[in-house]
Amino acid sequence: MFQTLLTDLFSGVSFLFTGPGLKTLVMFIIAGILIWLAIKKDYEPALLLPIGFGAILANLPPVLEMMAPAVLGTAEAPGFLKVLFDAGIANELFPVLIFIAVGAMIDFTPLLKDPSMIFFGAAAQFGIFATFLVSILLIPLVVPGADDSLVLRLASAIGIIGAADGPTTLYVANHFQLVEYMAPISVAAYSYMSLVPVIQPPVIRALTTKAERQIRMDYHEEKSSKTALILFPVIVTLVAGILVPMSAPLVGALMFGNLIRECGVLERLSKTAQNELANLVTILLGITIGSTMEAQNFLRLDTALIMLLGLFAFVFDTAGGVLFAKLLNLFRKNKVNPMIGAAGISAFPMSARVIQKMAKEDDPYNFVLMQATSANVSGQLGSIVAGGMIITLVTMLLKL
Amino acid sequence: MSVFVKGLIATGLGLAGVFLVLALFFVAIKLLQKVTPEGKGEAQDG
């Protein structure tokens, strides 16, 4: 009896020496790497640290009575991280709330000054669709028995990773009920978002010459009319909501946040959205995503495929934007610095800052931040529209 | 219809759709520039 009591009391220790226990140790190492990247390398610490810690919590040895980690619990008695998942991820609430906060942070003035930059936000979605096609070919090889429906749904979510837009990726994955793949998809989306300064520069350098990177672009510091700044979020919501209804929750939340910012009479709400709301949801979102990284769901071959294809999508989105800019330069009198095209992804404002930093490396007096910011906010819009389009089209095609 | 053909259709229409919607945003901004030129509306503070 005493031996049984001891065994039960230290079941967590003995668990670590079993097969699943060894997988748990591997997950602790992965979680440690994420936390290390957050603290030591300063890669999106607000996201990677909660994700890493959530992964540790979700992989703690199971409680004997429920055969699951206490933070996750069971269907009858869910733990706090399962409660958060059901409340914020499974019903798409957290991504939408994050977009209200992001909308309140975005200043569309540079885009309203130079609207031609908006097309980079479309061109940089090329990687999403290229990866979608490649995924359709590769998924059946790695996920045996995957039917057409799973292939198309999973390929959609993998493709969207390339937009470097975590909330939209979660939105698409949720819509297609890819619960089993949520961990690798969300971890890939948020990890690659944080690795923008690592992933984008080599791709841009490979596709451009130094002379191209030194191209200077005119920008006149002018203020937009307040009326235009107020009307813009309303018009965008109406156009996107009518043409691509599936994008309405995300674009609506983004533009609602922006309208709060620009209306001029809700400064307190605007600041709350930019700070308290953004911080609170980021904390909850990160740790909840981390909690999906249970060893049995994460240490699989399809996780490697999703991570690899996610990287592919990210690289091709960057390349799509750069090549589109080079194509435009064939016809434009005033040349565009092709690096601006790479800022057409959604990682705002990190991508724009990376482009400005690269521009300064080749020419200390080159200032392209405003144009890059315009492309970057356009990428935010483009990735939401692309997410809505892919949901709409794949849902329709699945019925054929 | 094979799953790859469905993928091709989604890719073509998807990319075209993204460009179309963003082109409409472009037109909307151009119209806003005409309707509310600088100095006509109240200037933005930040």
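Tutor: Happy to, and keep in mind that this is a predicted model. The largest nonpolar core has 149 residues, and the ones that touch the most other members are A:Phe120, A:Ile185, A:Ile340, A:Ile355 and A:Val385. If you ask which helix gives the most to this core, look at helix H22 of chain A, residues 369–398, which puts in 14 residues.

Now zoom in on A:Ile340. Leaving out residues up to four places away in sequence, A:Ile340 touches A:Phe120, A:Ala325, A:Ile355, A:Val368, A:Gln371, A:Ala372 and A:Ala375. Two names in that list, A:Phe120 and A:Ile355, also belong to the group that touches the most other core members.

Next, take A:Ile185, another of that group. You'll find A:Ile185 where H12(A) meets H19(A). Helix H12 covers residues 182–194 of chain A and helix H19 covers residues 301–329; they pack at about 35 degrees, with axes 9 Å apart. Their crossing is right-handed. On the H12(A) side, A:Ile185 is joined by A:Pro184, A:Ala188, A:Ala189 and A:Tyr192, while H19(A) brings A:Thr303, A:Ile306, A:Met307, A:Gly310, A:Leu311 and A:Phe314. Sort the residues of this contact by type and you get nine nonpolar, two polar and no charged.

Let's move on to A:Leu285, which sits in helix H17 of chain A, residues 267–290. Buried or exposed? A:Leu285 counts as buried because 28 other C-beta atoms lie within 10 Å, and the cut-off for buried is 20 or more. Not counting residues up to four places away in sequence, A:Leu285 touches A:Gly88, A:Phe94 and A:Ile98. As for A:Ala188 from the H12(A) contact, its C-alpha atom is 14 Å from that of A:Leu285, and the two are 97 residues apart along the chain.

Step back and look at chain A as a whole. Chain A has 22 helices and zero strands, and 55% of its 400 residues count as buried. Take the contacts in chain A between residues at least 6 apart in sequence: 75% of them join residues at least 24 apart. The C-alpha trace spans about 85 × 50 × 45 Å along its principal axes.

The contact between the chains takes 45 residues from chain A and 31 residues from chain B. On the chain B side, those residues divide into 19 nonpolar, seven polar and five charged.

Definitions and conventions
Residues are numbered from 1 along each chain as its sequence is written. Chains are lettered from A and ligands numbered from 1 in the order in which they are written. This is a predicted model: local features need pLDDT of at least 70, side-chain atom pairs count only at pLDDT 80 or more; totals for chains, interfaces and linings use all residues. Two residues are in contact if their C-beta atoms, placed from the backbone, lie within 7 Å. Ala, Val, Leu, Ile, Met, Phe, Trp, Tyr, Cys and Pro count as nonpolar, Asp, Glu, Lys and Arg as charged, and the others, Gly among them, as polar. A nonpolar core is a set of buried Ala, Val, Leu, Ile, Met, Phe, Trp, Tyr and Cys residues joined through C-beta atoms within 7 Å. A residue is buried if 20 or more other C-beta atoms lie within 10 Å of its own, exposed if 12 or fewer, and partly exposed in between; C-beta atoms are placed from the backbone. Helices (H or I, at least four residues) and strands (E, at least two) are DSSP runs, numbered from the N terminus. Axes are lines fitted to C-alpha atoms, for helices over the stretch in contact, and angles run from 0 to 180 degrees between N-to-C directions. A crossing is left-handed if the near helix is turned anticlockwise from the far one by less than a right angle, and right-handed if clockwise.
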